[in-house]
Amino acid sequence: MASSRVETQITWSGASSVTVNSATLLASDAFTFNAEDWDADLQVHVDNQGTPASGDVVDVYIAYTTGDILGDSGSDYATTEHADYLGRIDTVAANTPGEDPASRGFRIRTAPLGFKVLVSCPQAASRNIVVRARVCTHRSQ
């Protein structure tokens with residue numbers, strides 16, 4: 001069986017990055033798995049736009065969908081409060097781990113139809129943080 005590696009940029013309102021400037025949880029555009037995808041990783045890159053200080057972190061969540069669970073012809077994603085927590089990326093170099101810019105990979109499930117990436121930066125009101133994400137899947141051919 002042949003396979004390939006497929007890389008896809010995650011977008012926010014069509015843009016390849018989002019600048020987080022408040023403590024609000026921001027959601028990416030929807031990503032849909034191909035039926036032949038059998039393994040996936042999500043890479044998240046963050047870049048603090050100021051001098052990082054204590055508390056300059058990015059919390060990363062994933063809201064999966066299995067389709068139209070409500071029967072209203074939509075893709076119903078996990079609600080914000082019930083999205084899966086993937087992890088935290090710290091931009092303070094003095095912390096372990098911590099660096100700016102920083103990049104971290106997360107293993108994600110491929111059984112759902114798709115997902116949205118959710119990010120939150122508690123200190124973003126004082127120091128904006130630019131977030132980018134990319135998903136890489138192994139696909140059967």
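Is isoleucine 62 buried or exposed? Select isoleucine 62 and find out: with a relative accessible area of 0%, this residue is buried (buried means under 20% relative accessible area, exposed over 50% and partly exposed in between, using a 1.4 Å probe and protein chains only).

Before you click on, some ground rules. You are looking at a predicted model, where local features need pLDDT of at least 70, side-chain atom pairs count only at pLDDT 80 or more, and totals for chains, interfaces and linings use all residues. Residues are numbered from 1 along each chain as its sequence is written, and side-chain values use heavy atoms, with hydrogens and water left out.

**Stop one: around isoleucine 62**

Isoleucine 62 belongs to strand 6 (strands are DSSP runs of E, at least two residues, and helices are runs of H or I, at least four residues, numbered from the N terminus). Now show what it touches: leaving aside residues up to four places away in sequence, isoleucine 62 is in contact with Ala83, Asp84, Leu86, Ile108, Phe115 and Lys116 (contact means heavy atoms within 4.5 Å).

**Stop two: the core**

Next, select Ile10, Leu42, Val44, Ile108, Phe115 and Val131. These have the most contacts inside the largest nonpolar core, which has 27 residues (a nonpolar core is a set of buried Ala, Val, Leu, Ile, Met, Phe, Trp, Tyr and Cys residues joined through side-chain atoms within 4.5 Å). Colour the strands and you can see who contributes: strands 2, 5 (37-48), 6 (57-65), 7, 8, 9 and 10 (129-140) each supply at least two residues of this core. Zoom in on valine 44, whose contacts beyond four places in sequence include Val60, Ile89, Phe106 and Val131.

**Stop three: rings**

Search the whole structure and four aromatic pairs turn up (rings of Phe, Tyr and Trp, the last by its six-membered ring, pair if their centres lie within 6.5 Å; planes under 30 degrees apart count as stacked, over 60 as edge-to-face and the rest as tilted). One of them joins phenylalanine 31 and phenylalanine 33, edge-to-face at 5.2 Å centre to centre with 85 degrees between the planes. Phenylalanine 31 is buried at 9% relative accessibility, and phenylalanine 33 is buried at 9% as well.

Two other rings have a charge over them (NZ of Lys or CZ of Arg within 6 Å of the ring centre and within 35 degrees of the ring normal). Over tyrosine 64 you'll find the charged end of arginine 109, 4.1 Å from the ring centre. Over the face of tyrosine 77 lies lysine 116, at 4.6 Å from the ring centre.

**Stop four: loops**

Head for the loop between strand 7 (84-90) and strand 8 (102-108), where proline 97 sits. Threonine 96 and proline 97 are joined by a cis peptide bond, with omega about -5 degrees. Proline 101 is in the loop between strand 7 and strand 8 too, and a cis peptide bond links aspartate 100 to proline 101, with omega about 0 degrees.

Then jump to serine 13, in the loop between strand 1 (3-10) and strand 2 (18-20). Its phi is near 50 degrees, a positive value in a residue other than glycine. Serine 13 is exposed, at 75% relative accessibility.

**Last stop: serine 120**

Finish with serine 120, in strand 9 (residues 114-120). This serine 120 is buried, with a relative accessible area of 12%. Beyond four places in sequence, serine 120 touches Ala23, Thr24, Leu25, Val57, Val58 and Asp59.
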